Amino acid sequence: MKRILLDKRASLCLLVVCFITYSLLGFTRSAYTAAIAGIVNDGVFTKLDAGTINSSFYITYSLAQIVGSYFVDKISPFKVITIGLLGTVAANVVMSLSASFWVIFLARAASGIAQFGIWPALLRIVSDYVCPDYKRRAMYIMPLGITVGTILSFFVAS
């Protein structure tokens, strides 16, 4: 159901929240990648183990994308984003509290699954809720959220 916000200020607020959310997810998506050098350097995991853990995210994320776009059509995009955020935060907390290969491997994979529909949900929010004056600009700016989050995670890791 389309509920276009005719109020430009409300549309702008929604876009800012979406951008911050996508940046946060970009941060969590690349936080482990940014920390790999330190993890290997400290001897917590070998390069092979660290790479295997990192690939678990991208394998589950890519497979979940196939199903994710279907769910975004069926349920509220706001619910999909909430599920993604909560799942990602939970997975990152588990990863930060453990040094076990399997626990971190499974938590990283679960993070990939949790983010299954974030991008399609953001696209749906922009197309269904944002006032027409901001849609075009939003489609150029929104993808930059992942880049902002990635830069921040590498900055924090350094």
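## Packing of α1 and α3

In this predicted model, helix α1 packs with helix α3 (residues 77-97) at an angle of about 30°, and their axes are 11 Å apart. Because angles under 35 degrees count as roughly parallel, α1 and α3 are roughly parallel to each other. The crossing in which α1 passes α3 is left-handed.

On the α1 side, the residues that meet α3 are Leu-14, Thr-21, Leu-24, Leu-25, Thr-28 and Tyr-32, and their counterparts in α3 are Phe-78, Ile-81, Gly-84, Leu-85, Thr-88, Asn-92 and Met-95. Sorted by class, this contact of α1 with α3 comprises eight nonpolar and five polar residues, with no charged residues.

## Packing of α5 and α6

Helix α5 (residues 118-129) and helix α6 (residues 132-141) have axes that come within 9 Å and cross at roughly 165°. Since angles over 145 degrees count as roughly antiparallel, α5 is roughly antiparallel to α6. Here, too, the handedness can be stated: α5 passes α6 in a left-handed crossing.

The contact is made by Leu-123, Val-126 and Ser-127 of α5 together with Lys-135, Ala-138 and Met-139 of α6. The residues of this contact of α5 with α6 divide into four nonpolar, one polar and one charged.

## Aromatic pairs

The structure holds ten aromatic pairs. One of them joins Phe-45 and Phe-101, whose ring centres are 6.2 Å apart and whose planes stand at 80°, so the pair is edge-to-face. This pair links distant parts of the chain, because Phe-45 lies in the loop between α1 (8-41) and α2 (47-74), whereas Phe-101 belongs to helix α4 (residues 101-114), 56 residues apart. Phe-45 has a relative accessible area of 7% and is therefore buried, the cut-off for that class being under 20%. Ring pairs also link Phe-45, Phe-101, Trp-102 and Phe-105 into a cluster.

Tyr-70 and Phe-71 form another edge-to-face pair, with 5.6 Å from centre to centre and 70° between the planes. Tyr-70 is partly exposed, with a relative accessible area of 48%, and Phe-71 is likewise partly exposed, with a relative accessible area of 34%.

Terms used: Residues are numbered from 1 along each chain as its sequence is written. This is a predicted model: local features need pLDDT of at least 70, side-chain atom pairs count only at pLDDT 80 or more; totals for chains, interfaces and linings use all residues. Side-chain values use heavy atoms; hydrogens and water are left out. Axes are lines fitted to C-alpha atoms, for helices over the stretch in contact, and angles run from 0 to 180 degrees between N-to-C directions. Helices (H or I, at least four residues) and strands (E, at least two) are DSSP runs, numbered from the N terminus. Angles under 35 degrees count as roughly parallel, over 145 as roughly antiparallel, 65 to 115 as roughly perpendicular and the rest as oblique. A crossing is left-handed if the near helix is turned anticlockwise from the far one by less than a right angle, and right-handed if clockwise. Contact means heavy atoms within 4.5 Å. Ala, Val, Leu, Ile, Met, Phe, Trp, Tyr, Cys and Pro count as nonpolar, Asp, Glu, Lys and Arg as charged, and the others, Gly among them, as polar. Rings of Phe, Tyr and Trp (its six-membered ring) pair if their centres lie within 6.5 Å; planes under 30 degrees apart count as stacked, over 60 as edge-to-face and the rest as tilted. Buried means under 20% relative accessible area, exposed over 50%, partly exposed in between (1.4 Å probe, protein chains only).
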